[in-house]
Amino acid sequence: MTPIVEVRDLHKRFGELEVLKGIDFTVAEGEVVSIIGASGSGKTTLLRCLNLLEEFHRGDVLIGGEAIGYHLRRGQRVRIGEREVARQRAMTGMVFQAFNLFPHMSALDNVTLGLTKVRGMPRPQAIELADHWLDRVGMLERRDHRPSQLSGGQQQRVAIARAIAMSPKVMLFDEATSALDPERVGEVLETIRSLAQEGMTMVLVTHEMRFARDVSDKVVFMEDGRIAEQGPPQRLFLNPESPRLQAFLKTSSF
Amino acid sequence: MNYHFNFAPILEQWPLLLSGIGLGLLLALVSIAIGSVLGLVVAFASRAPSPWLRSLAFTWISILRNLPILVIVLFLFFGMPQLGLSLDKITSFVVALSLYASAYMAEVFRGGLLSVPQGLVEAGQAIGLTSLRIKRYIVLPIMFRNALPAFGNNFISLFKDTSLAATIAVPELTFYARKINSETFRVIEVWLVASLLYIVCCYAITLVLRAMEKRLVLEKA
């Protein structure tokens with residue numbers, strides 16, 4: 001079966017600095033993959049390559065079997081046009097560390113914007129679908145609130161609804177709980193966990209080791225722009241092979 | 001001091017004074033509208049990928065901001081006919097004030113654009129919006145809200161600058177005040193009434209803008 005996400009020999013530079021040095025990994029349908037590693041190891045950059053928020057310089061990213069971002073023209077690797085990039089980005093949903101809700105819109109409009117303007121859904125239908133997902137993340141009662149009237153955890157749950165309502169093939173979570181007050185982390189993790197249990201395909205960059213261990217089908221450990229080790233969470237967390245992962249786990253709190 | 005105030009000869013002319021302030025407001029509104037559209041274009045140009053466009057935008061801003069508005073007004077009205085372009089006085093003043101306003105509005109909007117967090121643009125990209133739609137539904141609405149206080153300050157400033165139209169005989173408030181002054185010689189009274197009208201008008205504009213800010217400016221999340 002075609003994997004939902006396939007990354008092949010991915011390289012990415014910021015100027016002279018190479019931050020991804022050849023990444024290979026796949027995510028199967030319904031799989032939950034956590035990417036862990038120290039700050040600066042390249043995990044957020046990798047995630048942002050999956051929806052073209054970052055350009056990459058070599059290798060391929062395939063979403064649902066479709067190579068994204070670039071095509072070959074007379075043997076040259078060329079970035080595809082803006083409309084195509086936008087269409088391909090909508091195949092993935094992203095949840096950001098800082099929530100990034102549109103501050104001038106209600107929770108409901110945050111969710112319906114993409115449905116009406118990208119998916120071309122009529123507004124009544126978009127509202128119905130948005131209500132469904134807002135309900136699903138426990139935010140239906142606050143659908144008319146502005147982001148500034150919501151707590152961080154509530155904002156993040158709206159952001160999850162905004163992304164998932166677009167029915168992406170895969171959800172990308174970029175340290176979705178790192179900016180939250182400690183007492184708000186649980187509600188967001190619970191939301192993510194229940195979506196995972198329903199079979200949503202997910203890639204999570206996270207510092208929540210216990211969560212990564214409990215929810216993931218596969219854990220990817222990154223170190224200095226490379227994947228140092230990947231496998232099922234039981235093996236990585238209980239019997240890490242590489243000394244670097246052993247050291248990393250020692251300094252991480254569970 | 002035993003000056004005897006006599007406002008009667010001035011108040012007799014109230015239709016003139018009112019039409020004068022009305023024209024001043026109209027000049028300001030039209031010029032600010034044109035200046036805002038121009039300013040918005042310049043603001044976007046100042047952040048364009050093309051270095052050529054960027055330097056054009058900054059040249060535009062620095063020339064117009066470093067010219068006194070009176071010089072622009074006089075140059076356009078007296079200078080342009082020499083170059084074969086005669087405009088009537090009102091059009092000429094509107095063009096002058098619009099150009100002048102465009103530089104200030106460009107700065108206002110440029111600040112507003114800088115205030116839109118990159119994360120919101122990325123959130124729009126992530127749901128598959130094209131860059132045009134991101135501008136329309138995300139960047140512009142947030143920019144306008146954040147720019148509103150600065151916009152208001154410039155609005156008042158530009159409205160007061162309409163008094164300079166009197167120098168090319170545009171019949172606005174200052175023009176009529178000067179006219180009534182020379183006809184009645186009630187110098188203090190005339191300028192007191194004119195001042196009062198300007199103050200009331202500016203204060204009313206402030207109140208309207210403040211009400212808009214209250215409704216529109218975004219609280220920090």
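Trainee: How many aromatic pairs does the structure hold over all chains?
Mentor: The structure holds ten aromatic pairs over all chains. Rings of Phe, Tyr and Trp (its six-membered ring) pair if their centres lie within 6.5 Å; planes under 30 degrees apart count as stacked, over 60 as edge-to-face and the rest as tilted.
Trainee: Why is the pair of B:F175 and B:Y176 edge-to-face?
Mentor: The planes of B:F175 and B:Y176 stand at 70°, with the ring centres 5.6 Å apart, so the pair is edge-to-face. This is a predicted model, where local features need pLDDT of at least 70, side-chain atom pairs count only at pLDDT 80 or more, and totals for chains, interfaces and linings use all residues. Residues are numbered from 1 along each chain as its sequence is written, chains are lettered from A and ligands numbered from 1 in the order in which they are written, and side-chain values use heavy atoms, with hydrogens and water left out.
Trainee: And is B:Y176 buried or exposed?
Mentor: B:Y176 is buried, at 13% relative accessibility, whereas B:F175 is partly exposed, at 22%. Buried means under 20% relative accessible area, exposed over 50%, partly exposed in between (1.4 Å probe, protein chains only).
Trainee: Which residues do ring pairs link into a cluster?
Mentor: B:Y3, B:F5 and B:F7 are linked in this way.
Trainee: Changing topic, how many disulfides are there over all chains?
Mentor: The count is zero, a disulfide being a pair of cysteine sulfur atoms within 2.5 Å. For B:C201, the nearest cysteine sulfur is that of B:C202, 6.7 Å away. B:C201 is buried, with a relative accessible area of 15%.
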